[in-house]
Amino acid sequence: MLLIENGYMIDPKSGLEGNFDILTEGGRIRRIGRQLRQELTAQERKKCRILDAGGLLAAPGLVDVHVHFRDPGFTHKEDILTGAKAAARGGFTTVVLMANTWPTVDTEETLRCVLNKGKTTDIHVETCANVTQGMKGQELVNMDALAAAGAVGFTDDGIPIMNPDIVRAAMEKAARLDMPISFHEEDPTLIENNGINRGRASEHFGIGGSPREAEITMVERDLGIALETGACVDIQHISSKEAVELVRKAREKGHNIHAEATPHHFTLTEEAAIQYGALAKMNPPLREEEDRQAIIRGLADGTIDLIATDHAPHTAEEKSQDITKAPSGIIGLETALPLAITELVNGGYLTMKSVLEKMSANPAAMYHLDAGYLAEGGPADIILVDTTATQVFTEYASKSSNSPFTGRQLYGVVMATICDGKVIYQRDN
């Protein structure tokens, strides 16, 4: 039994907001109210752990539907155990893993191995399965069998699916299964060098880079198919103003269209790639200030309804290579909430409730997860956050440290993460 007292609670699902105590028992929330200690029996008081959340925000455990834990196959970068620790430190109690591992998650055997290892962590680890066999874009996986084995969605994230007939067939199947399907939208035939925007950044490095058209053409195609099939589609890590507008128009026609923004895309531009080199190289690349502002506007008006980290660990040796050889991606689980508070809330673009909605309630709803909300009888997945405190990231719980945000002062400090009613992370100071 755990009692959280004196916190300022925000539940983005119901809209309930105010000073409340939260009492948990058996992994669920037993009561939300005021002065709950008085309701406990003498015996309950003896066995109840009490956390004083005075001055802190109490919010649902965050839900990240786009993370790479590199397990199996690339565990020198990250594994499910270290990834879960990074998630807990960042306030995430539920994550959905991407399936571009080795072997890929295109069989029930690999899927079960991932899920079983996830069960040994302190958080809720879910995973997508692949859309196509071996992520080759040629043959669909057995989506029915993988869904029955525990996959929560489907994606070939990391490799775009170029064959529109395969995309249509996958969406039709996903619609019948009532499961989300997520797309990495970059046409490789238009890209000379991935991870760097074609513009000032590519000119700086003397390379061809990745043009915005690579994203635009794929987003336009897949949104059209999504509206025709009725599939629940997630446009992943959106990066261009044109793609945001395409999503905005599609959402006016269909309720099952979703889009996600990463903290790095709403915080940085291609100038960061010039400054930090491969530490700011990612797919799709950081683009221009107009694109960054369009993403923020999309978040503010609900066009973009998800914030996801695309947590992508790489070793220092890999990132130290030449810009054309270094892999794309940055870690993001530990910096995501502070970046959202610093850039979006303190910047006056979104309320704290809106940020929490996009980092908990909305992603949980899209994946049909019992998560992302605070209510009596609901899951006891809770975070306590000091939104006014600052921190400077110098080290990480993740196995990797590839981040352009290292050394930057950010607002928002996760003081405690509670999952299933258990304190799984608590900050020392």
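Where is P72 found? Select P72: the residue is in the loop between β6 (62-67) and α2 (80-90). Helices here are DSSP runs of H or I with at least four residues, strands are runs of E with at least two, and both are numbered from the N terminus.

**Before you go on**

This is a predicted model, where local features need pLDDT of at least 70, side-chain atom pairs count only at pLDDT 80 or more, and totals for chains, interfaces and linings use all residues. Residues are numbered from 1 along each chain as its sequence is written, and side-chain values use heavy atoms, with hydrogens and water left out.

Colour the chain by pLDDT, the predictor's confidence in each residue, from 0 to 100. The chain has a mean of 98, and 100% of its residues reach 70 or more. Among the elements, helix α1 (residues 42-47) has the lowest mean pLDDT, 94. Strand β7 (residues 92-97) has the highest, 99.

**Stop 1: two cis bonds**

Stay at P72. The peptide bond from D71 to P72 is cis, with omega near 15 degrees. Now select W102 and P103. A cis peptide bond joins these two as well, with omega about 0 degrees. P103 lies in the loop between β7 and α3 (108-118).

**Stop 2: positive phi**

Select M135, in the loop between β8 (124-127) and α4 (143-148). Its phi is near 55 degrees, a positive value in a residue other than glycine. M135 is buried, at 8% relative accessibility. Buried means under 20% relative accessible area, exposed means over 50%, and partly exposed is in between (1.4 Å probe, protein chains only).

Go on to H368, in the loop between α14 (352-366) and β14. H368 is not glycine, yet its phi is also positive, near 60 degrees.

**Stop 3: E376**

Select E376, which is found in the loop between α14 and β14. Is E376 buried or partly exposed? E376 is partly exposed, with a relative accessible area of 44%. Show its contacts, meaning heavy atoms within 4.5 Å. Leaving aside neighbours within four places in sequence, E376 is in contact with I29, R30, R31 and I32. The side chain of E376 reaches the backbone nitrogen of I32 at 3.0 Å. That is a polar contact: a pair of N or O atoms within 3.5 Å, where within protein one must be able to donate a hydrogen and the other to accept it, and residues adjacent in sequence count only if both atoms are side-chain atoms.

**Stop 4: strand β14**

Select residues 382-392, strand β14. V385 is in this strand and is buried, with a relative accessible area of 1%. Its C-alpha atom is 4.5 Å from that of V414, 29 residues apart along the chain. Beyond four places in sequence, V385 is in contact with L56, L57, L337, I341, V413, V414 and M415.

Move along to Q391, in the same strand β14. Q391 is buried, at 9% relative accessible area. A polar atom of its side chain lies 2.8 Å from the backbone oxygen of G412. Residues that Q391 touches include P338, R408 and R427, not counting those up to four places away in sequence.

**Stop 5**

**Stop 6: rings**

Select F393 and Y396. Their ring centres are 5.9 Å apart and their planes are at 5 degrees, so the pair is stacked. Rings of Phe, Tyr and Trp (its six-membered ring) pair if their centres lie within 6.5 Å; planes under 30 degrees apart count as stacked, over 60 as edge-to-face and the rest as tilted. The count comes to one aromatic pair. F393 is buried at 2% relative accessibility, and Y396 is buried at 14%.

Next, find K13 over the face of Y373, at 4.5 Å from the ring centre. The charged end of R34 sits over the ring of F20, 4.4 Å from its centre. The rule asks for NZ of Lys or CZ of Arg within 6 Å of the ring centre and within 35 degrees of the ring normal.

**Last stop: cysteines**

Select C113, C128 and C232. The structure holds zero disulfides, a disulfide being a pair of cysteine sulfur atoms within 2.5 Å. The sulfur of C113 is 17 Å from the closest cysteine sulfur, in C128, too far for a bond. For C232 the closest is also in C128, at 11 Å, again too far. C232 is buried, with a relative accessible area of 11%.
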